[in-house]
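Could you walk me through reading this structure, one feature at a time? I am new to this.

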Amino acid sequence: MLLQSGFDVALGLGLLWVAWQALNSSDLFKAIVFFIAFGLLMALAWVRMDAPDIALAEAAIGAGVTGALLLGALARLRASNAGETTMGQAGNGQRRFMASRRLLWIPLLLMAAGLGYAVLSLPGYTPGLSAQVAANLGASGVSNPVTAVLLNFRGYDTLLELVVLLLALLGMWSMAGPAPPPSAEAAAVLDGLSRFLTPLVLLVAAYLLWVGTRAPGGAFQAGSLLGAAGVLLILAGWRANVASTALSLRLVLTAGPGVFVAVAAFSLLMSGQMLKYPPAYAGILILIIEIAATLSIGLTLAGLFLGGRPRGERKSP
Amino acid sequence: MNAAVLYALVGVGLYSLGLYALIVHAHLVRKILAINVMGSGVFLVLVALARRGGEAGTDAVPQAMVITGIVVAVSATALALILVVKLAAETGYATLSGNRQE
Amino acid sequence: MTPTDWIAALLLGMGGVFFLAGTLGLLRFPDVYTRLHALTKADNVGLGLIVLGLSVQADSWVVVGKMLLIWALVLLAGASVAQLIARSVLRRGIRLWRQ
Amino acid sequence: MQQLYLALAMFLLLNLGAGLWRVLRGPTAADRMLAAQLFGTTAVAVLLLLAQAFGEAALRDVALVFALLAPVTAVAFVRRLWPEQGNSRDTD
């Protein structure tokens with residue numbers, strides 16, 4: 001018991017310290033490395049919060065996507081000499097603001113104290129919706145409560161989240177122009193690593209998708225893993241030979257929300273309510289949506305990392 | 001004080017640190033990091049408070065919200081980073097115009 | 001504590017020692033090449049010993065297999081990353097440490 | 001036995017904290033990146049220990065994901081931030 005509390009206190013203080021460093025380190029690269037470490041500690045915190053589903057998502061996103069995304073952006077910023085702002089670049093308003101920085105602590109401390117007080121004064125025992133989730137779990141088609149909430153009880157939330165993902169990619173495509181060309185030919189070690197790891201990542205993604213119906217895992221975790229595999233392949237210099245206008249690419253990108261909407265329409269016809277699956281088909285419907293969503297999430301994340309519209313060219317042999 | 005309250009307080013701390021950094025730093029990548037830390041703080045509060053169910057078990061609804069939240073946060077971050085990259089390519093600065101000398 | 005427990009405890013303790021050695025190397029070694037060496041070797045041995053220690057007491061062979069797979073993946077990552085970073089550092093012309 | 005697992009997990013967490021010193025000090029960007037690599041390995045060990053301590057098999061899957069994706073960030077660093085053509089000798 002004492003050890004557990006010690007672990008929690010050390011982890012909590014570590015989170016706060018690492019976050020502080022990630023936000024206020026003088027060097028932006030240093031800040032990003034601290035932010036990567038922050039994601040790792042967050043995954044441990046989710047484990048301690050009895051939320052292995054979230055820990056899986058945080059691990060896949062944090063280790064596979066966020067770090068690479070930030071480092072790639074930093075490299076592009078350095079190319080246009082904007083990797084760092086020195087105080088000399090800061091305007092007068094900014095400098096005057098720096099002087100009043102100390103005063104900023106007062107309202108922020110008051111806010112933090114207020115929020116802390118609010119947290120402490122909440123009633124200790126609040127079952128929330130766990131009783132309802134448990135009562136309806138049998139009819140949901142899956143036995144992992146988190147997957148049941150995501151794809152059955154609050155399916156429309158998840159549907160709209162998938163649309164948000166798609167919008168982020170479309171926003172990037174419309175602003176960023178064509179993707180930067182692949183960097184030089186990958187070293188043999190990197191090439192071999194990407195060839196060896198990618199099939200394994202696909203396998204583990206399929207495993208997480210499958211196991212997600214009854215244990216921690218599911219479409220978001222599996223999709224994030226697929227996205228990470230895409231990041232690795234892009235870094236190794238691989239490019240799929242599809243342009244952003246290719247039908248195949250667009251079909252996979254929209255498969256998640258598309259299948260979800262189709263199922264919603266199907267359930268509207270069958271039971272008169274959107275996304276109210278007939279219990280007999282619930283399991284299989286959820287699995288179909290999850291497979292489509294996994295593919296869309298993975299491709300969207302990889303596309304976001306690409307940093308522009310795909311040009312439609314193949315890796316030169 | 002049990003673990004749930006401890007982590008909820010850490011979440012409040014993260015949110016406050018993030019808000020501070022969001023206000024004081026001009027560099028937009030730092031602002032993006034700050035928003036991400038604030039988001040993590042909110043997620044932590046949500047999930048920590050979902051653990052007060054006792055024997056009824058952990059509430060799965062906030063957990064599901066946080067999972068989608070993490071994936072949406074990373075895609076929003078990617079979009080924001082591309083905006084900053086484009087801004088820097090056009091202007092040579094990764095800060096908003098009010099925060100720099102012209 | 002049964003004899004198996006003692007063996008597990010011994011292996012786990014040794015694993016911890018190797019992790020400590022890796023961190024000491026990371027903190028105390030004089031340049032990036034030596035630190036690379038400390039990290040990617042000591043920690044992987046440490047993880048291997050911890051996996052062994054946990055395997056002695058694991059419930060099933062499936063668990064043992066999964067832990068061994070995890071260890072193999074970490075070894076692969078460590079070896080590849082060490083090579084990639086060392087190569088990149090060398091090409092940037094960062095000098096080797098000489099006494 | 002659970003106490004031992006937890007004690008070792010705690011020890012590794014403190015170990016990780018000590019490694020943060022190298023991220024703080026650098027001096028080169030590669031040093032900072034290396035330290036981040038160490039955190040990945042340590043997190044895998046902590047997760048495996050917690051999985052056995054609390055009998056939660058799912059934590060091994062989290063460790064598996066970390067182990068699979070351990071090289072991605074470092075590869076991004078080598079390929080994007082420190083590409084091989086770069087001849088500048090800045091130490092960050």
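Q: Which closest distance separates the C-alpha atoms of chain B and chain D?
A: Start with the idea of a contact: two residues are in contact if their C-beta atoms, placed from the backbone, lie within 7 Å. No contact joins chain B and chain D here, and their closest C-alpha atoms lie 14 Å apart. Chain B does not touch chain C either, with 24 Å between their nearest C-alpha atoms.

Q: Before we go on, what kind of model is this, and how are things numbered?
A: It is a predicted model, in which local features need pLDDT of at least 70 and side-chain atom pairs count only at pLDDT 80 or more, while totals for chains, interfaces and linings use all residues. Residues are numbered from 1 along each chain as its sequence is written, and chains are lettered from A and ligands numbered from 1 in the order in which they are written.

Q: What average pLDDT does chain B have?
A: pLDDT is the predictor's confidence in each residue, from 0 to 100. Where pLDDT is low, the predicted coordinates should not be read in detail. Chain B averages 85, and 88% of its residues score at least 70.

Q: Which two chains share the most contacts?
A: Chains A and B do, out of four pairs of chains in contact. Their interface brings 79 residues of chain A together with 72 residues of chain B. On the chain A side, the most residues come from helix α3 (residues 52-79) of chain A, which gives 11. That side divides into 49 nonpolar, 20 polar and 10 charged residues. For these classes, Ala, Val, Leu, Ile, Met, Phe, Trp, Tyr, Cys and Pro count as nonpolar, Asp, Glu, Lys and Arg as charged, and the others, Gly among them, as polar.

Q: How many helices and strands does chain B have?
A: Helices (H or I, at least four residues) and strands (E, at least two) are DSSP runs, numbered from the N terminus. Chain B has three helices and zero strands, in the order α-α-α along the sequence. Chain D likewise comes to three helices and zero strands, and its elements run α-α-α from the N terminus on.

Q: What share of the residues of chain B and of chain D count as buried?
A: A residue is buried if 20 or more other C-beta atoms lie within 10 Å of its own, exposed if 12 or fewer, and partly exposed in between, with C-beta atoms placed from the backbone. In chain B, 67% of the 102 residues count as buried. In chain D, 65% of the 92 residues do.

Q: Which residues have the most contacts inside the largest nonpolar core?
A: A nonpolar core is a set of buried Ala, Val, Leu, Ile, Met, Phe, Trp, Tyr and Cys residues joined through C-beta atoms within 7 Å. The largest one has 217 residues, and A:A37, D:L47 and D:F66 have the most contacts inside it. Domain 1 (1-80) and domain 2 (144-317) of chain A both give residues to this core, so it lies between them; these bounds come from an automatic or database domain assignment. Leaving aside neighbours within four places in sequence, D:F66 is in contact with residues including A:A59, A:A63 and D:L47.

Q: Where is A:D50 found?
A: A:D50 is in the loop between α2 (28-48) and α3 of chain A. A:D50 has a positive phi of about 55° although it is not a glycine. With 19 other C-beta atoms within 10 Å, A:D50 is partly exposed.
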